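Thanks for coming. I will take one structure today and go through it piece by piece.

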Amino acid sequence: MSDDWAEVQLCEVFAADNTKSGQHDEEPRVLSLSKYDGLVPADEYFDKRIASAHLDGYKVVEPEGWAYSTIHIDEGSIARNNLGHSGVISPMYTTMNWVGHGHDPRFFEHLLRSPALLSLYRDSAQGTVNRRRSLPFATFAALRVVVPPLPMQGRIVDLIDHLDDHLANLRAERASADSVLDVVR
């Protein structure tokens, strides 16, 4: 570990937020949490309604808010709300707010889904049945991670974003080449 890297306890960057939807005149947008796609509109993800008839007990996830699946976080079910609008999610999820001044939440989006953290969640989960072991917020918040200084966090995110864009372009080129090959064959 470099001298300017620091150990951070997750409670230094996240605070639990259990705000419930409560009564509402207009039904809020129901979200789901995919380990692959993060927070997504549930009706688009499932092509049907899977939410309860009454959403009063559902938890609110504001834009830039976070949620994780208490029983599937070790599979990567943790994400920030990047949809640009609020929504509600089943009460079985843990919701939280970013309080990490001096840290880049975009960096933590990558870090919290990294293989090392997925393994840490698995090792820290409570319970005896593998697919039903849970990671309550108190345990999550006590976990420690080592992070680079803020400028390097941003540089790492920029590099990952650049690589993701490059891979997407390569996939598009391959799809285009495959289409041409299909016509030629």
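In α5, the residues Q153, G154 and V157 are buried. This is a predicted model, so please keep that in mind throughout. The buried residues of α5 pack against α2 and β10. As for the helix itself, α5 has 35 residues. From its first C-alpha to its last, α5 reaches 51 Å, close to the 51 Å expected at 1.5 Å a residue.

Which residues of the largest nonpolar core touch the most other members? They are F108, L112, Y121 and F140, in a core of 24 residues. Two or more residues of this core come from each of β6 (66-69), α2 (105-111), α3 (115-124), α4 (137-142) and β10 (144-147). Take L112 as an example. Leaving aside residues up to four places away in sequence, L112 touches L10, F14, W66, I78, L117, L118 and Y121. Another core lies apart from the largest one; it has eight residues, among them L31, L33, A67 and A79.

Now to strand β6, where S69 has its place. Is S69 buried or exposed? Its relative accessible area is 2%, and buried means under 20%, so S69 is buried. Beyond residues up to four places away in sequence, S69 touches L33, S77 and Y93.

The loop between β5 (59-61) and β6 holds E64. The phi of E64 is near 75 degrees, a positive value in a residue other than glycine. E64 has a relative accessibility of 41%, which lies between the 20% and 50% limits, so E64 counts as partly exposed.

Last, the pocket. Rolling a probe the size of a water molecule over the atoms shows where empty space is left. How much space lies in the largest pocket? The figure is about 260 Å³. The pocket is lined by 15 residues, and the closest to its centre are R80, N82, E109, H110 and R113. The elements that give two or more residues to the lining are β4 (38-41), β7 (78-80), α2 and α5 (150-184). Sorted by class, the lining has six nonpolar, three polar and six charged residues.

Definitions and conventions: Residues are numbered from 1 along each chain as its sequence is written. This is a predicted model: local features need pLDDT of at least 70, side-chain atom pairs count only at pLDDT 80 or more; totals for chains, interfaces and linings use all residues. Side-chain values use heavy atoms; hydrogens and water are left out. A nonpolar core is a set of buried Ala, Val, Leu, Ile, Met, Phe, Trp, Tyr and Cys residues joined through side-chain atoms within 4.5 Å. Buried means under 20% relative accessible area, exposed over 50%, partly exposed in between (1.4 Å probe, protein chains only). Helices (H or I, at least four residues) and strands (E, at least two) are DSSP runs, numbered from the N terminus. Contact means heavy atoms within 4.5 Å. On a 1 Å grid over the protein atoms alone, a cavity is a set of points where a 1.4 Å probe fits but cannot get out, and a pocket is an open set with protein on both sides within 12 Å along at least five of seven lines; lining residues have an atom within 4 Å of a point. Grid points are joined across faces, edges and corners, and a volume is the space filled by probe spheres set on the points. Ala, Val, Leu, Ile, Met, Phe, Trp, Tyr, Cys and Pro count as nonpolar, Asp, Glu, Lys and Arg as charged, and the others, Gly among them, as polar. The expected span of a helix is 1.5 Å times one less than its number of residues.
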